[in-house]
Amino acid sequence: MSRTEDIFDARLRGRHRLGRAFHAACFLSTWFGLVVLLVLLICIFWQGAGWVNWDFLTSFDSRHPEKAGILAGIWGTVWLIFFTALFSIPMGVGAAIYLEEYATDNWLTRLIQVNLSNLAGVPSIVYGILGLTVFVRMFGMFDGQKDLVLRIPLLVMTLDIPLPFGRTVLSGALTLSLLILPVVIVASREALRAVPASIRHGSYALGATQWQTIRHQVLPASLPGMMTGVILAISRAIGETAPLVIIGALSYVAFTPGDIAGPADVLRDPQGVARAPFDYFTTITIMIYNWVSRPKTEYQHAAAAGILVLLFVLLILNAAAIVIRHRYQKWIRW
Amino acid sequence: LRGDDVPTDSGTPGPTPDRSLTRQVSVARVKEQFIRLILFLCALASIVTTVAIIFVLVNEAIFAVTPGTAFFQEVSLKEFFTSTRWEPQYDEKHFGVMPLVAGTLLVAGIAAVIGLPLGLASSIYLSEYASPQARNIIKPILELLAGIPTVVYGYFALVFVTPYLLRPVFQDWLGFSVDVFNAASAGIVVGIMIIPTISSLSEDVLRSVPRGLREAGYALGSTKFDVSVKIVVPAALSGILASFLLAISRAIGETMAVVIAAGQSPNLSLNPFRNTETMTAYIVNMSLGDTPVGSIAYKSLYAVALSLFVITLLMNIGSQFILRRFREVYQ
């Protein structure tokens with residue numbers, strides 16, 4: 001009898017040992033991510049912290065690593081993300097409203113749903129190919145004509161839209177918009193779904209139409225959630241490199257889009273604002289990639305400094321998303 | 001709406017209020033329908049995007065609708081799938097996609113070896129072991145890891161992983177020769193990159209396993225290890241497999257880390273310490289060069305992109321299928 005108990009006790013101890021080992025293994029794997037993050041940040045700071053200074057932020061790329069700056073990348077990213085947001089947010093939110101508020105459960109709706117989840121899985125580089133063919137080259141439709149320009153006069157300035165769009169900010173922004181559209185739609189739908197039906201019913205009961213209900217009740221209530229999702233989608237667009245390399249964002253650029261590098265330039269030459277979307281560009285990420293792949297090792301410091309700038313921007317955006325989420329979680333109670 | 005209006009109007013004599021009310025309602029209705037149409041078009045944009053992607057790839061790779069010829073109208077499928085050389089830039093061109101596929105699978109394989117166990121283990125930790133407070137700290141950190149741009153991971157692979165991790169261990173200690181650009185460093189960082197994908201998706205399915213199953217396990221004398229590994233993980237297996245597929249598909253489509261760290265020489269070798277080239281890296285390197293538009297080398301870009309698109313699409317569909325087909329439904 002005691003023999004059986006001995007065996008049982010030994011096995012139980014073994015099982016507990018196994019359990020503890022497994023617990024430790026799971027614990028370590030989880031914190032592995034944190035360790036990597038730390039090593040990554042230390043590595044980047046160690047390489048780049050000394051290089052981030054005012055000159056780095058305000059000068060163009062250079063053949064001398066110590067003089068290289070990221071100005072063109074910063075302004076390129078600003079213009080690119082501005083137009084990406086301009087295209088993708090209204091469209092994504094519109095699609096989300098349609099799918100959540102209007103769509104009935106038919107084959108078309110189901111097709112859109114399935115399609116959205118598949119689009120989210122398409123590698124970003126394929127979007128780059130799409131942008132290259134559709135926006136940059138326009139299938140070569142205008143290959144015969146030279147310098148074809150679509151001229152649209154606005155009140156104070158004229159827009160000169162080149163056809164095809166070429167390797168411009170506009171092409172990049174359209175490409176990135178398509179890329180983040182599924183993310184924006186999914187996030188906005190979740191925010192809309194969080195608004196309780198009673199809000200809508202209350203609005204209908206007061207005689208509001210469906211659009212009035214959406215415009216004045218549902219949208220304001222879901223705005224914080226939407227903003228959080230949209231900010232995260234935008235930060236994904238900021239970090240995106242591959243599709244922009246494909247559509248041919250330049251790597252060595254010594255100008256900013258529209259030659260605007262501050263408010264003073266806008267006052268001096270207002271036409272620059274109209275020129276910027278159709279100008280060539282580079283972005284922070286592309287400059288980082290370009291610096292990393294140059295053989296001179298000094299450029300790796302410039303790349304690390306560029307990464308610090310990029311991570312700083314992303315950190316601010318993520319913090320904004322978190323703050324918005326927390327503030328409105330406190331305010332809104334249903 | 002008009003039907004509802006009639007009874008209220010019937011009480012007031014005279015045609016004027018009736019007509020104005022009707023017109024008002026119909027203008028509002030047109031506006032409502034117009035808004036609905038616009039929103040519908042927004043939703044349709046996603047379908048248009050898919051159609052455009054497929055059209056572009058097929059048009060340049062398989063069958064040219066626009067003037068010119070497509071890639072596979074000049075290069076045979078047999079050459080593409082069986083030739084073991086990918087040399088689009090030389091005079092005597094070879095278009096065998098196998099070396100690129102081998103490079104891609106090598107990097108994705110290394111990423112899977114690192115990312116899948118770590119991701120699964122951390123998802124088990126988060127759902128079974130971690131206290132709510134620990135979870136509140138760890139999850140945002142994993143999200144941060146997921147939010148870091150891939151170009152940063154590429155930098156990390158080239159500047160840290162190869163010189164400070166691979167070279168000391170595998171070259172100085174074990175005697176392999178490690179190239180500056182190698183598949184292993186790219187695979188390692190891609191593996192790190194997919195950890196958050198796996199752990200957050202798997203954690204969701206692990207947590208959705210009902211508590212009763214765990215309690216039953218404990219009642220039968222199981223340890224926490226037994227419950228986690230023999231009850232919870234099998235119950236959530238479909239979701240875990242789906243997350244694995246999704247993560248591997250992401251590793252295959254990953255571009256910047258691979259372009260920076262894995263190199264530019266396509267070869268069939270499975271040696272992880274050698275210079276290699278993946279499908280995504282080829283597309284980037286090709287588009288950086290000054291290949292004339294319309295040349296066969298230029299069109300090869302679309303053939304590779306189409307292959308990549310098909311592979312990742314199949315894996316994503318497979319992932320969704322597993323999730324739907326084998327999901328255990330608990331009341």
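1. A word on terms before we start: helices (H or I, at least four residues) and strands (E, at least two) are DSSP runs, numbered from the N terminus. By that scheme, Arg214(B) sits in helix α8 (residues 211-219) of chain B. This is a predicted model, in which local features need pLDDT of at least 70 and side-chain atom pairs count only at pLDDT 80 or more, while totals for chains, interfaces and linings use all residues. Residues are numbered from 1 along each chain as its sequence is written, chains are lettered from A and ligands numbered from 1 in the order in which they are written, and side-chain values use heavy atoms, with hydrogens and water left out.

2. Staying with Arg214(B), this residue counts as buried because its relative accessibility is 12%; buried means under 20% relative accessible area, exposed over 50%, and partly exposed in between (1.4 Å probe, protein chains only). A polar atom of the Arg214(B) side chain lies 3.0 Å from the backbone oxygen of Val209(B). Leaving aside neighbours within four places in sequence, the contacts of Arg214(B) (heavy atoms within 4.5 Å) include Glu128(B), Leu206(B) and Val232(B).

3. Now the interface. Chain B and chain A bury about 6600 Å² between them, 78% of it on carbon and sulfur atoms; buried area here is the accessible area (1.4 Å probe) that two parts lose on being put together, summed over both. The contact takes 73 residues from chain B and 73 residues from chain A.

4. What polar links are there between chain B and chain A? The count is 13 residue pairs in polar contact, both residues at pLDDT 80 or more. A polar contact is a pair of N or O atoms within 3.5 Å; within protein, one must be able to donate a hydrogen and the other to accept it, and residues adjacent in sequence count only if both atoms are side-chain atoms. Two salt bridges also run between these chains, a salt bridge being a side-chain nitrogen of Lys or Arg within 4 Å of a carboxyl oxygen of Asp or Glu. On the side of chain B that touches chain A, helix α2 (residues 15-61) of chain B gives the largest share, 19 residues.

5. Do have a look at Asp226(B). It forms a salt bridge with Arg15(A), with the closest N and O atoms 2.8 Å apart, and another with Lys230(B) at 3.1 Å, N to O. Lys230(B) and Asp226(B) are separated by about one helical turn because they are four residues apart in helix α9 (residues 224-235) of chain B. Asp226(B) is buried at 8% relative accessibility, whereas Lys230(B) is exposed at 56%. Salt bridges that share partners join Arg15(A), Asp226(B) and Lys230(B) into one network.

6. Over all chains the structure holds 17 salt bridges. In one of them Glu100(A) pairs with Arg189(A), the closest N and O atoms being 3.0 Å apart. This pair links distant parts of the chain, helix α3 (residues 71-102) and helix α6 (residues 169-193) of chain A, 89 residues apart. Glu100(A) is partly exposed at 23%, and Arg189(A) is buried at 10%.

7. Glu101(A) and Arg200(A) also meet in a salt bridge, at 2.8 Å, N to O. Glu101(A) lies in helix α3 of chain A and Arg200(A) in helix α7 of chain A, so the pair ties together parts that are 99 residues apart in sequence. Both Glu101(A) and Arg200(A) are buried.
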